[in-house]
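Trainee: I have a new model open and would like to go through it with you. Can we take it one piece at a time?

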Amino acid sequence: MTKSPEAFKSIREVAEILQVDTHVLRFWEGKFKQIQPMKNASGRRLYRPDDIALIEGIKHLLHNKGMTIKGVQKLLKEKDASVLLRSDASGLDSVIASDEEHAGPDPKTKMALQNIRETLEKAKLLLKTDET
């Protein structure tokens, strides 16, 4: 017997649906205040369809779009969590694109800047030793 799509799901069921471990869901719950599953009398988490959609959006941003936890937290703070729900997913890429404009340099540029910094630090050391 299968559950209705609208039925609440346990943490194990959500982990299977989203293909993540249960400890990852608990970790994300601590990092993203928007994830608030209901808890039954014995304290077990029960996820609503909107909870699952939100977590699915967070997973997409972290795993597929390469955003950091802080980046997703900032996005959720500046925008509403509804941007991650399936019904609003069509606008998600434009939200991410506008956020990426402020995300900083890409990895290749970051590496080049790091090399420049190291070269400048070596030059600074050489100048200091020449002064003494």
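Trainee: Which residues does Thr-22 touch, if I skip the ones up to four places away in sequence?

Mentor: Leaving those out, Thr-22 touches Ile-11, Arg-12 and Ala-15, and please keep in mind as we go that this is a predicted model.

Trainee: Where does Thr-22 lie, and is it buried or exposed?

Mentor: Thr-22 lies in helix 2, which covers residues 22-31, and it counts as buried because its relative accessible area is 19%, while the cut-off for buried is under 20%.

Trainee: Okay, on to the core. Which residues touch the most other members there?

Mentor: The largest nonpolar core has 21 residues, and among these Leu-25, Trp-28, Phe-32, Ile-58 and Val-72 touch the most other members. The elements that give two or more residues to this core are helix 1 (11-18), helix 2, helix 3 and helix 4 (69-78).

Trainee: And which element gives the most to this core?

Mentor: That is helix 3, with 6 residues. Helix 3, made of residues 49-64, also lies across strand 1 and strand 3, and runs at about 85° to strand 3.

Trainee: Changing topic, what is the order of the strands in the sheet?

Mentor: The sheet is open and has 3 strands in the order 1-3-2, with antiparallel pairing. Strand 1 (9-10) and strand 2 (38-39) are the edge strands, as each of them pairs on one side only.

Trainee: How many bridges join strand 2 to strand 3?

Mentor: There are 2 bridges between strand 2 and strand 3 (residues 45-47), and the two strands run antiparallel. If you look at Met-38, you will find it opposite Leu-46 in strand 3.

Note on methods. Residues are numbered from 1 along each chain as its sequence is written. This is a predicted model: local features need pLDDT of at least 70, side-chain atom pairs count only at pLDDT 80 or more; totals for chains, interfaces and linings use all residues. Side-chain values use heavy atoms; hydrogens and water are left out. Two strands pair if DSSP finds at least two bridges between them. Helices (H or I, at least four residues) and strands (E, at least two) are DSSP runs, numbered from the N terminus. Contact means heavy atoms within 4.5 Å. Axes are lines fitted to C-alpha atoms, for helices over the stretch in contact, and angles run from 0 to 180 degrees between N-to-C directions. Buried means under 20% relative accessible area, exposed over 50%, partly exposed in between (1.4 Å probe, protein chains only). A nonpolar core is a set of buried Ala, Val, Leu, Ile, Met, Phe, Trp, Tyr and Cys residues joined through side-chain atoms within 4.5 Å.
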